[in-house]
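Here are my notes on the model, as numbered points. Please read them with the structure open.

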Amino acid sequence: MSDALRPDSGTAERFRTVMLPHLDAAYGFARWLTRDPVQAQDVAQEAMLRALRYFHAFRGGPPKPWLLRIVRNTWHDLRTKRGADESLDVVEDRPADGPDPEENALGADRRRHVAAALAKLPTDLREVLVLREIEDFSYKEIAAALDLPIGTVMSRLARGRQQLAAELRSRLGRRDHGLPDL
Amino acid sequence: MDCPTCESLVDAYLDGELSAIQSAEFEQALPGCPHCATRLEEARVLSSLLRDLPADTAPDLLRARIDRELRAIGAKARPASPRQSMPRQPMRWMAMAASLIVAVSIGWMGGTLSTQGGRDRDELVASYLRVASSEHTVDVVSSDRHTVKPWFAGRIDYSPPVHDLTSDGFPLLGGRLDVFDGRKVSVLVYRRNQHKVALTLLPASSASGVPVSVTQRDGFVMGQWRHGGFEMRAVSDISPAEMESFASALDRAVDADR
């Protein structure tokens, strides 16, 4: 990806059709990577503009892994540019995403814990889990988005799930998480 | 199969990444390995907890900025370059978020598919996107088939089978009308995790069944098949494997109803 082209109106129109529907996913993935809504917006915006400049290099296939790969690279670049990643050690519980009238307080509380436990995982495990469980990517798509061998995707998923389970067990009582006893 | 072997397959099994033969071997080994059975249960619970998290939505400001950028390029009206071989389709309504929705639409394709597959497909994808990108995704909002089915009566000239597939992981969200091939058709909308599925369903010209064929293009997955005297066309952004399980769940529900 070295040859960025100035997009023309046809490219913009096609981008609108193929990539723009995945803006929510781009923002969501950026949010799980940065764990900060403001930084996530910066990353997602920069990534969408990059994706537009490089859209001529998109060779078809599923657009979401292609786009989220750019999100991840953009996040990586911006983080490097900013120097030390101060946010890495400061993991706050994600605030609830607005009112959720359909669910009772117990469900909302459980979701907060699940989100916080996921946010606490190391990045390499967290990103694999997010792509698998939240974006519903196949192993092949995860491997493409993260530029990893499939074997590494598998081992990180297994480790990520075990660490997440351990974290949730320490946060929630048996009845709330529903995880089996070990 | 010894325990280390089956433990190494737990995640891939849950994620649907094993071949049919591997899956069968794993299922055979599982009752003899309580450790792996527990790990599988744990991974299942985690999966449902994670998929239960509220989906992120891009802030309006971010969407507006990207949209402005795209419109600025369009306004310059630069001629399309030669590599721009795809037809340009001015579908601006697609700018709205579509990624979190899976919609299933049921529509009339009878006999025209073999010759007009591309155009039909575009119509179906457009129908899906109307479901996926609009806040008003359905005209009749109900998971109750006894509400949805009568709603179609008088609005279209056939009676589509309506089934809630919640037990198969595809809860029915409701139904809507759309136009396919110049004809009013019924579209059923289902949900799969954070995605929507649009199913278009119309009376078939032949009673014989045709197994589902799943194709992918531009990130959309389309399943087309014929069952129980109806042509089924489902469009979504779920995985091809999930599309297949959607088709078989629907077929089972249709069969059980006969």
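Predicted model: local features only at pLDDT ≥ 70, side-chain atom pairs only at ≥ 80, totals over all residues.

Which residue takes a positive phi in the hairpin of β4(B) and β5(B)? That residue is B:Asn193, with phi near 50°. The hairpin has 2 residues between its strands. The remaining points go through both chains.

1. Confidence in chain A. The mean pLDDT of chain A is 85. Of its residues, 82% reach 70 or more. Two stretches need care. Over residues 95-101 of chain A, pLDDT is below 50, and the model gives this stretch 5 contacts beyond near neighbours in sequence. Residues 86-90 of chain A also stay under 50. For residues 86-90 there are 4 contacts beyond four places in sequence.

2. Make-up of chain A. Chain A has 9 helices and 0 strands. Its pattern along the sequence is α-α-α-α-α-α-α-α-α. Chain A has 182 residues, and 48% of them are buried. Take the contacts with a separation of 6 or more: 68% of them in chain A come from residues 24 or more positions apart.

3. Make-up of chain B. Chain B holds 8 helices and 8 strands. Of its 258 residues, 42% are buried. Among its contacts between residues at least 6 apart in sequence, 66% join residues at least 24 apart.

4. Strand β4 of chain B. This strand covers residues 183-192. Is it mostly covered or mostly open? Mostly covered: 8 of its 10 residues are buried. β4(B) pairs with two strands discussed here, β3(B) and β5(B).

5. The β3(B) side. Strand β3 spans residues 172-180 of chain B. It runs antiparallel to β4(B), and 8 bridges join the two. One of the pairs is B:Gly175 with B:Leu188.

6. The β5(B) side. Strand β5 spans residues 195-203 of chain B. It is antiparallel to β4(B), with 7 bridges between them.

7. Nonpolar cores. The largest core has 69 residues. The residues with the most contacts inside it are A:Ala26, A:Ala30, A:Ala44 and A:Val71. Helix α2 (residues 23-34) of chain A gives this core its largest share, 8 residues. Apart from it lies another core, of 39 residues, which includes B:Ala132, B:Val189, B:Met222 and B:Ile238. In soluble globular proteins, nonpolar side chains tend to be buried together.

8. Around A:Ala26. Leaving out residues up to four places away in sequence, A:Ala26 touches A:Ala44, A:Ala47, A:Met48, A:Leu67, A:Leu68 and A:Val71.

9. Positive phi in chain A. A:Asp136 is not a glycine, yet has a positive phi of about 60°. It sits in the loop between α6 (123-134) and α7 (139-146) of chain A. A:Asp147 also has a positive phi of about 60° without being a glycine. A:Asp147 is found in the loop between α7 and α8 (150-171) of chain A.

10. Surroundings of these two. Is A:Asp136 buried or exposed? A:Asp136 is buried, because 20 other C-beta atoms lie within 10 Å. A:Asp147 has 9 other C-beta atoms within 10 Å, so A:Asp147 is exposed.

Notes:
Residues numbered from 1 in each chain as written. Chains lettered and ligands numbered in written order. Helix = DSSP H or I, 4+ residues; strand = E, 2+ residues; numbered from the N terminus. Buried ≥ 20, exposed ≤ 12 C-beta atoms within 10 Å, placed from the backbone. Contact = placed C-beta atoms within 7 Å. Pairing = 2+ DSSP bridges. pLDDT = per-residue confidence, 0-100. Core = buried A, V, L, I, M, F, W, Y, C linked by C-beta atoms within 7 Å.
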